Amino acid sequence: MTLKELRRNAHNRLKEQPNISSPELDADLIIMFVLDLKKDELLTKDISVPDALAIEVNAYLNRRLAGMPVQYIVGKTEFMSLDFIVNKNVLIPRQDTEILVETVIERYKNVSEQIRILDIGSGSGCVGISMARYLPNSVVTELDISEEALKVAELNAEKNLVTKQMNFVCRDICDGISDLEPKFDVIVSNPPYIKTDDLLELQQEVIEYEPVAALDGGDDGLDFYRIIIKKAVPKKGGMTAFEVGIGQAGEVAGLMFKAGYRNIEIIPDLAGIERVVLGYAA
């Protein structure tokens, strides 16, 4: 079988599953993973594919057809133009979250002194590691309740050459951060914000494969915003920035205002959805 034939067959197999939104891209990612090809090689070469590799591709396609996210199949994904390792212990980074990272970078890119950043609920580390990469004068603490998630974040810090800028803390944010001194210039979080009753309405590949604890935000989806706002305060004049779910920006902004934050802003994403809420500690 040639590479072109393999691609055509793989595309057609995934197109048969209506719940797969990007069948051709997913098939190509699997083929590149198994055959160890770059994108330009996939598009320009028409090599002969050994039967053993074709069988392996089909085995991975079966996993995708069964609902497993392609990012877990190939063990990696891209975020902020960087490569990140992902597995079942961490959420798959979403493009929506890039606006959170870009917002913080934009506000601190011209700061010359050291910037101390706390990323709460770090997961794969995509948020904090991206900030460390694009803000080279930053020191980032990744905090997560999951030891397994922090292991992934540590691998990603090494992969993206920022290990020396990173600290890793395994902790429940309910225990606070009073012992993590000095105080932080920036606190950032993309916390769980799906309402508990809405979890079953998520796509099969999300609810069956991604860690539920990283999705469940309680009855109204705001549990972790309340906890973080109460338990983790940056230094005076420091910024806290959250990613929020659709329709939550106003409520989160209200919680921050009641807690004493000022100059609160709501930032839309490229689709016009209110995606980031930030404020400054008084």
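Predicted model: local features only at pLDDT ≥ 70, side-chain atom pairs only at ≥ 80, totals over all residues.
Trainee: Okay. How do I read a pair of packed helices, say H1 and H4?

Mentor: In general, two packed helices are described by the angle between their axes and the distance between the axes. Helices are DSSP runs of H or I with at least four residues, strands are runs of E with at least two, and both are numbered from the N terminus. An axis is a line fitted to C-alpha atoms, for helices over the stretch in contact, and angles run from 0 to 180 degrees between N-to-C directions. Here, H1 (residues 3–15) and H4 (residues 51–65) have axes 10 Å apart and an angle of about 15°.

Trainee: What do we call the arrangement of H1 and H4?

Mentor: H1 and H4 are roughly parallel to each other. The naming goes like this: under 35 degrees is roughly parallel, over 145 roughly antiparallel, 65 to 115 roughly perpendicular, and the rest oblique. Their crossing is right-handed; that word applies if the near helix is turned clockwise from the far one by less than a right angle, and left-handed if anticlockwise.

Trainee: Which residues of H1 meet H4?

Mentor: Contact means heavy atoms within 4.5 Å. From H1, Leu6, Ala10, Arg13 and Leu14 take part, and their partners in H4 include Ala54, Val57 and Leu61. By class, that contact has seven nonpolar, two polar and two charged residues. Ala, Val, Leu, Ile, Met, Phe, Trp, Tyr, Cys and Pro count as nonpolar, Asp, Glu, Lys and Arg as charged, and the others, Gly among them, as polar.

Trainee: How is H2 placed against H4, then?

Mentor: H2 and H4 are oblique to each other. The axis of H2 (residues 23–35) comes within 10 Å of that of H4, and the two cross at roughly 140°. Among the residues that meet there are Ile30 and Phe33 in H2, and Val57 and Tyr60 in H4. This contact holds 10 nonpolar, no polar and three charged residues.

Trainee: Is H7 largely enclosed or left open?

Mentor: H7 (residues 126–134) is largely enclosed by the rest of the structure, because seven of its nine residues are buried. Buried means under 20% relative accessible area, exposed over 50%, and partly exposed in between, using a 1.4 Å probe and protein chains only. Cys126, Gly128 and Met131 are among the buried ones.

Trainee: Now strands. How do they join up?

Mentor: Strands of a sheet pair through backbone hydrogen bonds, either parallel or antiparallel. Two strands pair if DSSP finds at least two bridges between them. S1 (residues 76–79) and S2 run antiparallel, joined by four bridges, and Lys76 stands opposite Ile85 in S2.

Trainee: Which residues of S2 are on its covered face?

Mentor: In a regular strand the side chains alternate between the two faces of the sheet. In S2 (residues 82–85), Leu82 and Phe84 form the covered face, with Asp83 and Ile85 on the uncovered one.

Trainee: In what order do the strands of the open sheet run?

Mentor: Seven strands follow the order S5-S4-S3-S6-S7-S9-S8, with mixed pairing. S5 (166–170) and S8 (261–268) are at the edges, each with a single partner strand, so one side of each has no neighbour in the sheet. From one strand to the next, the twist averages 15°. S8 runs antiparallel to S9 (residues 274–281), with six bridges between them.

Terms used:
Residues numbered from 1 in each chain as written. Heavy atoms only, no water.
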